[in-house]
Amino acid sequence: MATLTLATQTYSPKKWNLSGLNGISDKTLETHFGLYEGYVKNTNLLNEQIAGKIESGHAAATDLEFSELNRRLAFEYNGMRLHELYFNNLTTGSGAPGDEVTKALATVYGDFETWKKDFAAIGSMRGVGWAIAYQDPSNGRITNHWVELHQDGNLATFMPIVVMDVWEHAFMLDYKPAERSKYIEAFFANVDWETIAGRLVRKDASGTVPTIR
Ligand SMILES: [Fe+2]
């Protein structure tokens with residue numbers, strides 16, 4: 001068999017300066033950044049190991065290691081990307097959301113407060129995962145969803161607009177396990193609404209929204 005060399009992708013961990021958030025301690029952030037870096041490392045490792053399997057001719061469903069490596073990839077990769085979206089939508093200088101954002105979030109829910117209440121309710125669901133407000137690019141509607149772990153429940157082609165980590169590691173150093181609602185309020189006190197605005201899917205010059213076909 002000819003020797004293959006796959007063009008694998010290596011990801012580098014990003015850095016954030018979020019020291020001094022409201023209700024989310026620097027200690028929590030430090031621990032959380034460390035966990036995030038683990039997802040980057042494991043994503044790179046899995047991609048390398050999968051490439052190794054392909055290059056050595058072991059890319060087969062009957063190869064249990066090959067199957068397991070591929071199953072784990074979505075967990076590690078989404079763990080990496082969702083944490084980047086989460087840290088990116090936090091800021092020490094949070095203010096009130098602008099008109100464009102409140103209007104977009106109110107499209108389905110009627111008003112911003114109802115959207116927020118629903119988002120918080122989803123974030124309070126039992127289990128570890130994420131509350132994510134996604135926008136469907138095909139119609140612009142923004143709806144709140146639960147993502148279990150990092151990979152179960154993501155909606156294909158939907159764009160993540162507001163991303164909140166509700167794994168216990170996100171708040172356990174600051175709050176008791178039963179106090180997730182306090183953490184969720186802290187999250188809202190630190191949301192970077194400008195980043196959220198930048199994520200909104202907008203119509204192009206011809207008046208159409210980008211759609212993945
Ligand atoms: Fe996390």
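Q: Is Arg72 buried, partly exposed or exposed, and what is its relative accessible area?
A: In this predicted model, Arg72 and Glu68 both lie in helix α2, 4 residues apart, or about one turn of the helix. The two residues form a salt bridge whose closest N and O atoms are 3.1 Å apart. Buried requires under 20% relative accessible area and exposed over 50%. Arg72 falls in between and is partly exposed, its relative accessible area being 46%.

Q: Which parts of the chain does the salt bridge of Lys53 with Asp63 tie together?
A: The closest N and O atoms of Lys53 and Asp63 are 3.3 Å apart. Lys53 is buried at 13% relative accessible area, and Asp63 is buried at 16%. The partners are 10 residues apart in sequence, so the pair ties together helix α1 (residues 26-55) and the loop between α1 and α2.

Q: In which helix does Glu65, the partner of Lys53, lie?
A: The side chains of Lys53 and Glu65 meet in a salt bridge with an N to O distance of 3.2 Å. This pair links distant parts of the chain, 12 residues apart, with Lys53 in helix α1 and Glu65 in helix α2.

Q: Which residues touch the most other members of the largest nonpolar core?
A: In soluble globular proteins, nonpolar side chains tend to be buried together. The largest nonpolar core here has 51 residues. Beyond four places away in sequence, Tyr183 touches residues including Ile24, Tyr86, Met164 and Phe171. The members that touch the most others are Trp115 and Tyr183.

How values were computed: Residues numbered from 1 in each chain as written. Predicted model: local features only at pLDDT ≥ 70, side-chain atom pairs only at ≥ 80, totals over all residues. Heavy atoms only, no water. Core = buried A, V, L, I, M, F, W, Y, C linked by side-chain atoms within 4.5 Å. Buried < 20%, exposed > 50% of the residue type's maximum accessible area, 1.4 Å probe, protein only. Contact = heavy atoms within 4.5 Å. Salt bridge = Lys/Arg side-chain N within 4 Å of Asp/Glu carboxyl O. Helix = DSSP H or I, 4+ residues; strand = E, 2+ residues; numbered from the N terminus.
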